[in-house]
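Trainee: I am new to this structure and would like to know what stands behind the terms used for it. Could we go through them in turn?

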Amino acid sequence: ISWNHYLILSTVGVIWLVSQGDMINARVFAHLNQGDFWTMGSALSWAVYCAFLRIKPREVKGNAFVAVSALLGAIVLIPVLALELIRNGMPGWNSYANTGVVTGLAYLVIFPSWLSYLLWNKGISAIGATRGEIYSHLIPLSGGLFSVMFLHVALHSYHLVSALVIMCGIALCSRPSAKKSSQQHMA
């Protein structure tokens with residue numbers, strides 16, 4: 001069995017989580033909200049980022065690639081910002097000038113924005129884009145885990161089933177292939 005089959009296994013785990021364990025009845029998809037669409041847009045932009053990461057020349061260093069990606073992302077979001085400002089007007093800056101907002105913004109800039117991309121790029125350069133992409137299935141899994149831990153979402157059996165299927169798919173994809181193992185033994 002090739003790693004592509006294991007990728008499908010992990011993908012089924014993600015779909016199981018998103019559909020809340022009911023992949024046949026699409027009732028879950030009938031109640032999509034604005035946050036769901038932002039999440040889908042985020043997944044799409046992540047796919048584009050990973051596609052560009054595959055063709056990125058090795059000479060382009062991680063910081064430069066992240067900086068250019070962030071700049072392009074900001075440019076793409078300018079029309080969204082303009083529409084939001086037209087619809088709701090300019091926000092009052094006083095409500096944003098406090099320690100909590102500044103600390104939260106600093107956290108977002110450093111960890112999930114800059115550092116996570118640098119570490120992702122380093123991992124991809126070590127194992128390759130194709131093998132590394134399977135680890136993106138940890139994103140919805142961690143989102144589900146964090147929603148249970150911090151948002152007090154009830155833990156359901158579909159959380160556990162999807163976690164098991166995703167982790168099995170990732171573990172199976174991460175194993176060295178038989179062909180690669182035999183080549184290493186011959187060397």
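Predicted model: local features only at pLDDT ≥ 70, side-chain atom pairs only at ≥ 80, totals over all residues.

Trainee: What is the secondary structure of the chain?

Mentor: The chain has 8 helices and 0 strands. Along the sequence the pattern reads α-α-α-α-α-α-α-α.

Trainee: How many of the 187 residues count as buried, as a percentage?

Mentor: The buried share is 17% of the 187 residues. A residue counts as buried when its relative accessible area is under 20%.

Trainee: What makes the contact of R87 with E84 a salt bridge?

Mentor: The term requires a side-chain nitrogen of Lys or Arg within 4 Å of a carboxyl oxygen of Asp or Glu. For R87 and E84 the closest N and O atoms are 3.2 Å apart, so the pair meets the cut-off of 4 Å. The structure holds 1 salt bridge.

Trainee: Where do R87 and E84 sit relative to each other in helix 3?

Mentor: They are 3 residues apart in helix 3, so about one helical turn separates them.

Trainee: Which residues form the largest nonpolar core?

Mentor: This core has 10 residues, among them W46, Y49, F65, L118 and A129. Membership requires a buried residue of a listed nonpolar type, joined to the others through side-chain atoms within 4.5 Å.

Trainee: What makes L105, Y107, L108, V109, I110, F111 and W114 a nonpolar patch?

Mentor: A residue of a patch needs over 30% relative accessible area, and nonpolar side chains are joined within 5 Å. Take L108, which lies in helix 4 (residues 99-127). L108 has a relative accessible area of 45% and is partly exposed, so its value passes the cut-off of 30%. Together the residues of the patch have about 700 Å² of accessible area.

Trainee: Why are the buried residues of helix 6 said to line one face?

Mentor: In helix 6, L141, G144 and S147 are buried. Seen down the helix axis, these buried residues fall within an arc of 125 degrees, so they line one face of helix 6.

Trainee: Are S142 and L138 buried or partly exposed?

Mentor: S142 is found in helix 6, and at 27% relative accessible area S142 is partly exposed. L138 also lies in helix 6, and at 31% L138 counts as partly exposed.

Trainee: How far apart in space are S142 and A163, and what separates L138 from A163?

Mentor: S142 and A163 are 21 residues apart in sequence, with 9.2 Å between their C-alpha atoms. L138 and A163 are 25 residues apart along the chain, with 8.9 Å between their C-alpha atoms.

Trainee: What is noted about the phi of H152?

Mentor: H152 has a positive phi of about 60 degrees although H152 is not a glycine. H152 lies in the loop between helix 6 (138-150) and helix 7. With a relative accessible area of 69%, over the cut-off of 50%, H152 is exposed.

Trainee: How do you know that helix 7 has a span close to the expected one?

Mentor: Helix 7 (residues 157-174) has 18 residues and reaches 26 Å from its first C-alpha to its last, close to the 26 Å expected at 1.5 Å a residue.

Trainee: What makes one side of helix 7 a buried face?

Mentor: The buried residues of helix 7 are Y158, H159, S162, I166, G169, I170 and C173. Seen down the axis, they fall within an arc of 105 degrees, so they line one face of helix 7. On the other side of helix 7, S157, L160 and L164 are exposed.

Terms used. Residues numbered from 1 in each chain as written. Heavy atoms only, no water. Helix = DSSP H or I, 4+ residues; strand = E, 2+ residues; numbered from the N terminus. Expected span 1.5 Å × (residues − 1). Buried < 20%, exposed > 50% of the residue type's maximum accessible area, 1.4 Å probe, protein only. Arc of directions from axis to C-beta. Patch = residues over 30% accessible without salt bridge, like charges linked within 9 Å, V, L, I, M, F, W, Y side chains within 5 Å. Areas by Shrake-Rupley, 256 points an atom, 1.4 Å probe, with all protein chains shown as cover.
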